[in-house]
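Good morning, and thank you for coming.

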Amino acid sequence: MLSYDICLNRFLSYLHEIRGYSANTLKAYGRDLLQFRDYCRDYYGEPETDIQRIDKLTIRHFLGKLSEEGQSAKTIARKLAALKSLFKYVMRNEWIEKNPTYAIRSPKLPSKLPVFISQEQMRALFRSIPADTFIHSRDKALVDLIYSTGMRLNELVQLNIMDLNTHGNTVSVVGKGDKQRILPVGSETMKSIKAYLAFRREKFGTYETSSPLFISKQNKRISPRDVQYRIEKIIRAFSEGARKNSPHVLRHSFATHLLENGADLQAVRSLLG
């Protein structure tokens, strides 16, 4: 007999030593999988459970008990995911012949509507962002460009100066699958970018067209985390939508406002890439 406890301990060691999972992640896995261990002890009436004895019905009864206790769909889905990972590991080591979690579907999670900022809030937000220093002008240009084009965070940070067409008011971005898109840039947004570039020249001198469009105060390409932090800080005063994915909130706002003003859905999808 190979007990569930032995398999669990080996699984957690594997996650720690081979996969390099963090202490917090290991603790979360352990908590959920130990809860199932305790359930099995009551379910089978034995102090230790043979891993081969656990079947699909046991798993389903466990999930049903969680639901009866009022556990959320998100919590149940997380616990099932932990069990699926454990039994996938057990199957790979050939300690069982059939995976009891196979074909058990996670509960349907309620879909969340994307958070967006109203057009009135966006106008107030733009008015509030100062543009009197290198950092302020850069941050204003960042917010302006994401909102006016709907580009992704990673697309923004990878932009080089040569990707910006100041005469044609467009910007070239490379998105998922290395697909290039040419996006229109509004005249006011282009003014924000030119103002930022003027501060940049004053602070760091001339630059090559192959250099990054947006840089940090160390004159290096700005990181995605820095952009997230700066935009989150700016948005927080105006909308409950401020969060770690605030650049994505701007992207959703861009799409929502276009649709509200009568834009074609397919055209918006094309702009979003």
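First, the basis of the work. This is a predicted model, in which local features need pLDDT of at least 70 and side-chain atom pairs count only at pLDDT 80 or more, while totals for chains, interfaces and linings use all residues. Residues are numbered from 1 along each chain as its sequence is written, and side-chain values use heavy atoms, with hydrogens and water left out.

Helices (H or I, at least four residues) and strands (E, at least two) are DSSP runs, numbered from the N terminus. Axes are lines fitted to C-alpha atoms, for helices over the stretch in contact, and angles run from 0 to 180 degrees between N-to-C directions.

Helix 1, residues 4-17, packs against helix 2, residues 23-44, at an angle of about 170 degrees, and their axes are 11 Å apart. The two are therefore roughly antiparallel, a term for angles over 145 degrees. Contact here means heavy atoms within 4.5 Å. On the helix 1 side, the contacting residues include Leu8, Phe11 and Leu12, and on the helix 2 side they include Tyr29, Leu33 and Arg37. The residues of this contact divide into 10 nonpolar, 2 polar and 3 charged. In that count, Ala, Val, Leu, Ile, Met, Phe, Trp, Tyr, Cys and Pro are nonpolar, Asp, Glu, Lys and Arg are charged, and the others, Gly among them, are polar.

The second pair is helix 3 (residues 56-68) and helix 4 (residues 73-92), whose axes come within 10 Å and cross at roughly 160 degrees. That makes helix 3 roughly antiparallel to helix 4. Ile59, Phe62, Leu63, Leu66 and Ser67 in helix 3 face Ile76, Lys79, Leu80, Leu83 and Phe87 in helix 4. By class, this contact has 8 nonpolar residues, 1 polar and 1 charged.

I turn now to the arginines. Are Arg181 and Arg152 buried or exposed? Arg181, in strand 3 (residues 180-184), is buried at 10% relative accessibility. Arg152, in the loop between helix 6 and helix 7 (153-157), is buried at 17%. Buried means under 20% relative accessible area, exposed over 50%, and partly exposed in between, with a 1.4 Å probe and protein chains only.

Glu155 links them. Its side chain makes a polar contact of 2.9 Å with the side chain of Arg181 and one of 2.7 Å with that of Arg152. A polar contact is a pair of N or O atoms within 3.5 Å; within protein, one must be able to donate a hydrogen and the other to accept it, and residues adjacent in sequence count only if both atoms are side-chain atoms. Arg152 is also in contact with Arg181, and with Arg251.

Finally, the loop between helix 4 and helix 5 (119-128) holds Glu94. Phi of Glu94 is near 60 degrees, a positive value in a residue other than glycine, and Glu94 is exposed at 71%. Ala103 lies in that loop too, with a positive phi of about 70 degrees, and is exposed at 51%.

How values were computed. Parallel < 35°, antiparallel > 145°, perpendicular 65-115°, else oblique. Lists of a residue's contacts leave out its neighbours within four places in sequence.
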